[in-house]
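Visitor: Please show me the model, and then take my questions about it one by one.

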Amino acid sequence: MPRTLPAPRKLPGPPPSSWGPPLVPIPSPRDSPLVSPAPPGPAPGRLSVHPTVSPQVLPRSHPEPSFGPTPGPSPVSPRSLPRCSPGPPPVFPRSSPVPPSVPPLSLPRCPPRPPRGLSPVPPPSLPGPSPPLPGPSPVPPRPSPVPPPAGIGRTAAMAAIRSVKGLVALVTGGGSGLGRATVERLVQHGARVVLLDLPTSAGGQLAQELGEHCAFAPADVTSPKEVGAALAVAQKQFGRLDLAVNCAGIGIAVKTYNSKKDKVHDLEDFQRVINVNLVGTFNVIRLSAQLMSQNKPDADGHRGLLVNTASVAAFEGQVGQAAYSASKGGIVGMTLPIARDLAPLGIRVVTIAPGLFSTPLLAGLPEKVRNFLGQQVPFPSRLGDPAEYAHLVQALAENPMINGEVVRLDGALRMQP
Ligand SMILES: NC(=O)c1ccc[n+]([C@@H]2O[C@H](COP(=O)([O-])OP(=O)(O)OC[C@H]3O[C@@H](n4cnc5c(N)ncnc54)[C@H](O)[C@@H]3O)[C@@H](O)[C@H]2O)c1
């Protein structure tokens, strides 16, 4: 059933030269192969469109997104505090915006400042009396950083950079596209994987092809019970969980209000996208963290890694992407607080924001259109290969220092309105 979309726009004519600046036409969702039936779910028969491609005619020169000044005084946070305290540790009042679960920070005391005008450095052996140095005295050297805990010298920390070999992973949306490439790469590199996807997906078949190191867990990411059952498979079949990768996701392209058709965005559609992309991701995160917390920490205190998939649409949402961008923006927004929540457990959280990738939806497009989309990417000027997404997941798993970050994987693409 056609959605409330702007009137279909014609695909650009065959000669690619006519597609040049200033307009970047993208096929209409109504007649575009980008449109595909939405995955089975609460609203069967709805249409979904490739998330990062909106059915618009896109002006090539677009203003940079403007980020306004930080509004108002920011609440007290560890970041806004000095690195060392000039006095006793601060005590937050009861009305402090810092949640009660956050213990008051105790900062290292500043080293005592020498009296003004006097140098802490012994005077050089110059002939005659040494003149006082002009202006304030040089700041004494900062105290040396906290010494590494015993046994965690440079060598031991480097040893924490490990291979994915032997890891146990859960990959949602593992039956298709980015998730599928991740499952395949992890298994190829010696990990064992629980592939979570809808029962109707190709996940079961892929798991069979990959053999004993891959188990299919049919589940909907929005269901606590079904995700719990998938995690139970990881525990029972492979003994634990080290890595969870959230790739399950859907997208729609609907204008907030279509004035030509006097049609407003369906609220249920909006809620469905938020529910699968954002709530589903959080559901997997929270339950996975619970299971990972049972892992024995490695020498670095590391227990596991959660990888989420946002989109460049979280930053440059296009016309028709209100729901999709909101869902992906939510994933971006929760990355740091969840990383902070789980840091005491040694569980890292990283989000990948892909640009345009050649997953099944785009793979079905005519080659000319695929090439055209690829040319919008500054460099490399092509669609991303799902294997490149999978490679980044592996790199994140292997490098223990990356945490609480959103990594764009887009060849410098900035989507246009
Ligand atoms: N392909 C891209 O260019 C691109 C760009 C940016 C972001 N993304 C994001 O990457 C993720 C993967 O995209 P893709 O292109 O591989 O898509 P895809 O459609 O090929 O794969 C998505 C998978 O998620 C599964 N899925 C959907 N709803 C589910 C649910 N409720 N529970 C469990 N599984 C569910 C589907 O069955 C499918 O196998 C999505 O979150 C998407 O928004 C993709």
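Visitor: How far does a polar side-chain atom of Thr359 lie from an oxygen atom of the ligand?
Guide: The model is predicted, local features need pLDDT of at least 70, side-chain atom pairs count only at pLDDT 80 or more, and totals for chains, interfaces and linings use all residues. Residues are numbered from 1 along each chain as its sequence is written, and side-chain values use heavy atoms, with hydrogens and water left out. A polar contact is a pair of N or O atoms within 3.5 Å. For Thr359 and the ligand oxygen, the distance is 2.8 Å.

Visitor: What share of the ligand's exposed area does the protein bury?
Guide: Areas are accessible areas by the Shrake-Rupley method with a 1.4 Å probe. Taken alone, the ligand exposes 820 Å², and the share buried by the protein is 92%.

Visitor: Which residue has a side-chain N or O atom 2.6 Å from a ligand oxygen?
Guide: Leu178 uses a polar backbone atom, 2.8 Å from an oxygen of the ligand. The side-chain atom at 2.6 Å belongs to Ser176.

Visitor: What percentage of the 417 residues in the protein is buried?
Guide: Buried means under 20% relative accessible area, with a 1.4 Å probe and protein chains only. By that cut-off, the buried part of the protein is 41%.

Notes:
Polar contact = N/O pair within 3.5 Å; in protein donor to acceptor, adjacent residues only side chain to side chain. Buried < 20%, exposed > 50% of the residue type's maximum accessible area, 1.4 Å probe, protein only.
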